[in-house]
Amino acid sequence: MAVKRQAQSTVLKQILKRCSSSGRGEEEEEEGLPVDVPKGHFVVYVGERRSRFIVPISYLDRPEFQRLLRQAEEEFGFKHHMGLTIPCDEVAFRSLTSALR
């Protein structure tokens, strides 16, 4: 069980690194981080139109969000350049994140 948690922790750190470094070109600071993403948050893209959401890192501890991350890994993998894409309808994602607050 400890090995599984350690592996999950490593994957989550990799996700955060990719998400926090995916910006929008000229909006980036020198470090490569988007200026509109506050500390303690990361970016995800949701739905067919890939709407951009900034969510708190604390969501990573929530089982509901972890299920979405597993679905994202199964459907898209984590090796793409535009940040983390969540395979979820935008309305459903908004509803879930509202419930997590």
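Reader: Is E73 buried, partly exposed or exposed?

Author: This is a predicted model, in which local features need pLDDT of at least 70, side-chain atom pairs count only at pLDDT 80 or more, and totals for chains, interfaces and linings use all residues. Residues are numbered from 1 along each chain as its sequence is written, and side-chain values use heavy atoms, with hydrogens and water left out. Buried means under 20% relative accessible area and exposed over 50%, with partly exposed in between (1.4 Å probe, protein chains only). E73 has a relative accessibility of 42%, so this residue counts as partly exposed.

Reader: In which helix is the place of E73?

Author: Helices are DSSP runs of H or I with at least four residues, strands are runs of E with at least two, and both are numbered from the N terminus. The helix that holds E73 covers residues 63-76, and its name is α2.

Reader: Which residues of α2 are buried, and what arc do they cover around the axis?

Author: The buried residues of α2 are F65, Q66, L68, L69 and A72. The arc is taken from the directions from the helix axis to the C-beta atoms. These residues lie on the same side of α2, because the arc that they cover is only 155°.

Reader: Which exposed residues does the face of α2 turned away from its buried side carry?

Author: We have already placed the buried side, with L68 and L69 among its residues. The face turned away from that side carries the exposed residues E74 and E75.
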